[in-house]
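Student: Please show me the sequence and the structure. I would like to go through some backbone and packing details by question and answer.

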Amino acid sequence: MVRIAHQTQLGKYYIGDTERFFRLKKGRELKGKVQLILTSPPFPLNRKKSYGNLQGEDYKSWFVGLAKVFSDFLTEDGSIVIEMGNSWVSGRPVQSLLHLESLIEFVKHPDANLRLCQQFVAYNPSRLPSPAEWVTVQRIRTTDSYTHVWWMAKTDFPKADNSKVLRPYSNSMKQLLRKQQYNSGVRPSEHVLSEEGFLTDHGGSIAHNFFELEPMNSKREVRLPNAFSLSNTDANSFFIRTCRERNITPHPARMPLGLAAFFIQLLTDPDDLVLDPFAGSNTTGFTAELLNRRWISTEIKPDYAKQSKIRFEDEILHKSKSKG
Ligand SMILES: C[S@@+](CC[C@H](N)C(=O)[O-])C[C@H]1O[C@@H](n2cnc3c(N)ncnc32)[C@H](O)[C@@H]1O
């Protein structure tokens, strides 16, 4: 059964199996209308999380089978962004190729007409050491601390505008803009810097395809995309505080809010439709709501639906709405 758990003016959160939802009339009606599918699917883990994941080849064929389904939901210039962590071979200090094979076969699915627009890396310096046996007990591997983020589309030119996700200028760039001078000419990398190309203030620098979710050294200058910080230390966020107060265990694999905000701003306009088929605590839907995008989320576990509602009690939402 698929049912609505909660809704806002801009979005709906459905409880039920996502593939089942897509087969229903309300799911089929979304075909060709979704501007962005932004999701972190259940990862191929060698140890089951509480929400239970498929493993090995079963995982791969299930995941790859979603490529055509997802592609059908996109507008012609829409995008799919998938975040996926690394996986390890069970009982061995060996990395599995499963996540890479899954992503590659997904993008190459013969009926989905997808291509990889760009790969991003989301590095989390505060990731706990894992896999524990090899990292903390035997000390023969290092901490697995990043996730892959793949941006795919049905055309080489999906809707995208990197001027919407500018990073603040570095201090040296600010100084250069103030002084209006720099050393032009050929750099050791053989890049040629023109005489005036860097003198115009564009409001910020162009984002990179590498996200550091929080600084390792708090004194170091970090330049994250605008609007939201990419920090994943949400220990003091409204959502986590309220979960704690109500004795609710927060979703174990929440997507960083800044990551969701980055792709929603880069790839959609206000009022576009954003879909997260594996919504969990609904970071995607909440961020879409904050940014005035319409959203649809589906999630199989009712408990996550319940806790996701907490996000929408956050005052930040009401403040962002009153700002218009
Ligand atoms: C990695 S988590 C997503 C976390 C989410 N991005 C967040 O920020 O909270 C994957 C989610 O997919 C859900 N899930 C797994 N299989 C599903 C299915 N067949 N249909 C819908 N949801 C499913 C899991 O319960 C889990 O909450």
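**Backbone, strands and overall fold**

Student: Between which two elements does the loop with Arg139 lie?
Tutor: This is a predicted model, in which local features need pLDDT of at least 70 and side-chain atom pairs pLDDT 80 or more, while totals for chains, interfaces and linings use all residues. Residues are numbered from 1 along each chain as its sequence is written. Helices (H or I, at least four residues) and strands (E, at least two) are DSSP runs numbered from the N terminus. The loop with Arg139 lies between H5 and strand E6 (146-153).

Student: What is the phi of Arg139?
Tutor: Most residues other than glycine have a negative phi. Arg139 has a positive one, near 55 degrees.

Student: Does Arg139 count as buried or exposed?
Tutor: A residue is buried with 20 or more other C-beta atoms within 10 Å of its own, exposed with 12 or fewer, and partly exposed in between; C-beta atoms are placed from the backbone. Arg139 has 9 C-beta neighbours inside 10 Å, so this residue counts as exposed.

Student: How many other C-beta atoms lie within 10 Å of Asn292?
Tutor: Asn292 is in the loop between helix H9 (283-290) and strand E11 (294-299), and its phi is also positive, near 60 degrees. Asn292 is partly exposed, because the number of other C-beta atoms within 10 Å is 15.

Student: Which residue does a cis peptide bond join to Ser130?
Tutor: Most peptide bonds are trans. Here omega is about 0 degrees.

Student: In E10, which residue is the bridge partner of Ile37?
Tutor: Strand E3 (residues 34-39) has six of its six residues buried. Strands pair if DSSP finds at least two bridges between them. E3 pairs in the parallel sense with strand E4 (residues 74-85) over five bridges, with Val34 bridged to Leu74. Two bridges join E3 to strand E10 (residues 273-276), also parallel, and the partner of Ile37 there is Leu275.

Student: What radius of gyration does the protein chain have?
Tutor: The chain has eleven helices and eleven strands, and 34% of its 324 residues count as buried. The radius is taken over C-alpha atoms, and the globule rule is 2.2 Å times the number of residues to the power 0.38. A compact globule of 324 residues would come near 20 Å, which agrees with the chain's 21 Å.
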